[in-house]
Amino acid sequence: MAYYLSINGDFPIEYDTSNKKKVIFYYTNCFSGLIFINLGLNLIFEYSLQKANLLLESRNTELALEKEKSEKLLLNILPVEIAEELKEKGNTEAKLYENITVLFTDFVHFTQTSEQLSPQQLVQELHECFTEFDNIIERNGLEKIKTIGDAYLAVCGLPLSNPLHAQNTVIAALEIIQFIEDRSKRVKTFDVRIGVHSGNVVAGIIGVKKFAYDIWGDTVNTAARMEQSNEAGKINISETTYQLVKNEFGCTYRGKIHAKGKGDIDMHFVEKQINIIN
């Protein structure tokens with residue numbers, strides 16, 4: 001006796017009931033094949049999932065590294081507090097800072113000296129000097145604002161207030177003078193002069209492309225006049241700054257010196273530190 005079966009309704013299969021073992025073996029093989037196919041698909045899925053997770057993890061690591069690089073670059077441009085405000089709000093507002101001290105440095109006879117150097121030598125000299133200036137400025141709690149050609153501008157007392165802003169600035173100035181003196185024993189290139197003045201400034205970010213954190217105000221202008229009215233290898237401070245540091249530093253009164261656009265101003269040379277600052 002014969003029976004007819006249909007597989008998926010496609011076509012009938014005839015088999016003889018007398019040969020049931022063959023039929024059972026056939027369907028067993030079919031079922032086993034489906035199991036192996038399903039197992040293979042699961043393995044392929046698991047492998048693809050693991051590969052996707054590895055790629056995602058690798059991508060996340062790359063993004064984290066890029067974010068870290070971007071934040072380091074931002075912190076090289078802006079003070080930490082300003083950078084955080086910019087990230088949180090998307091913008092920052094200019095602020096008035098009181099009780100700060102501004103430091104200006106400038107290389108004496110820079111133009112004449114630079115003419116004796118190749119462009120590569122000139123850049124290397126500036127790089128070495130300003131790199132050490134950066135270290136000194138950071139070590140003493142000042143904030144570097146910018147370099148302008150061979151001039152270097154820094155400030156103490158912002159964006160976080162510092163009751164020792166004048167003292168810290170003068171210490172930094174003394175260390176810069178000492179660095180240049182020590183360096184001149186090995187290679188004679190630049191002499192430096194430094195001007196310092198204390199007061200109030202407005203600080204903020206200007207521009208939207210290649211933006212910069214900058215400071216403005218009469219205090220900045222007066223600090224520049226202190227530097228311009230100075231002598232090589234000296235630190236020239238205003239009367240305002242002198243009153244803040246006179247107990248910690250030995251100073252020499254220069255008298256009233258005429259400063260362009262400012263008239264006659266009382267000025268002092270800082271000679272050395274005489275007392276430990278607490």
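Colleague: Which residues line the largest cavity?

Modeller: Happy to start there, with the reminder that this is a predicted model. The lining consists of Cys129, Ile180, Arg183, Ser184, Val187, Lys188, Thr189 and Phe190. Four of these residues are nonpolar, two are polar and two are charged. The cavity has a volume of about 40 Å³, and the count of cavities of 30 Å³ or more comes to one.

Colleague: Which helix gives the most to that lining?

Modeller: Helix α5, which spans residues 165-184, with three residues. Here is the general idea: an α-helix has 3.6 residues a turn, so residues three or four places apart point the same way. In the lining you will find Ile180, Arg183 and Ser184.

Colleague: Let me step back. How many helices and strands does the chain have?

Modeller: There are seven helices and 10 strands. Of the 278 residues, 36% are buried. The accessible surface is about 17,400 Å², and carbon and sulfur atoms account for 55% of it.

Colleague: Now the aromatic rings. How many aromatic pairs are there?

Modeller: The count is eight. To read a pair, look at the distance between ring centres and then at the angle between planes, where over 60 degrees counts as edge-to-face. Phe133 and Tyr152 have centres 5.5 Å apart and planes at 80°, so they are edge-to-face. This pair links distant parts of the chain, with Phe133 in helix α4 and Tyr152 in strand β5 (residues 151-156), 19 residues apart.

Colleague: Is Phe133 buried or exposed, and what about Tyr152, buried or exposed?

Modeller: Phe133 is buried, with a relative accessible area of 0%, and Tyr152 is buried with a value of 0% too. Both belong to one aromatic cluster that also includes Phe107, Phe110, Phe130, Phe179 and Phe190. Phe190 is also part of the cavity lining.

Colleague: Where does Asn140 lie?

Modeller: Asn140 sits in the loop between α4 (119-139) and β4 (143-148). With a relative accessible area of 12%, Asn140 is buried, because buried means under 20%. Leaving aside residues up to four places away in sequence, Asn140 touches Asn168, Ile171, Ala172 and Glu175.

Colleague: What covers the buried residues of α6?

Modeller: First, pick out those residues in helix α6 (residues 218-228): they are Thr219, Val220, Thr222, Ala223, Ala224, Met226 and Glu227. The cover includes strands β3 (95-108), β6 (191-206), β7 (212-216), β8 (235-238) and β10 (263-273).

Colleague: And the backbone? Which peptide bond is cis?

Modeller: As background, most residues other than glycine have a negative phi, and most peptide bonds are trans. Here the bond from Leu158 to Pro159 is cis, with omega near -5°. Pro159 is found in the loop between β5 and α5.

Colleague: What is the phi of Asn99, and what is the phi of His109?

Modeller: Asn99 has a positive phi of about 60°, although it is not a glycine. For His109, also not a glycine, the positive phi is about 55°. Asn99 lies in strand β3, while His109 is in the loop between β3 and α3 (110-114).

Colleague: Is Asn99 buried or exposed, and is His109 buried or exposed?

Modeller: Asn99 is exposed, with a relative accessible area of 53%. His109 is exposed as well, at 54%.

Notes:
Residues numbered from 1 in each chain as written. Predicted model: local features only at pLDDT ≥ 70, side-chain atom pairs only at ≥ 80, totals over all residues. Heavy atoms only, no water. Helix = DSSP H or I, 4+ residues; strand = E, 2+ residues; numbered from the N terminus. Buried < 20%, exposed > 50% of the residue type's maximum accessible area, 1.4 Å probe, protein only. Areas by Shrake-Rupley, 256 points an atom, 1.4 Å probe, with all protein chains shown as cover. 1 Å grid on protein atoms, 1.4 Å probe; cavity = no way out; pocket = protein on both sides within 12 Å on 5 of 7 lines; lining within 4 Å. Points joined across faces, edges and corners; volume = space filled by probe spheres on them. Nonpolar A, V, L, I, M, F, W, Y, C, P; charged D, E, K, R; others polar. Contact = heavy atoms within 4.5 Å. Phe/Tyr/Trp six-rings, centres within 6.5 Å; stacked < 30°, edge-to-face > 60°.
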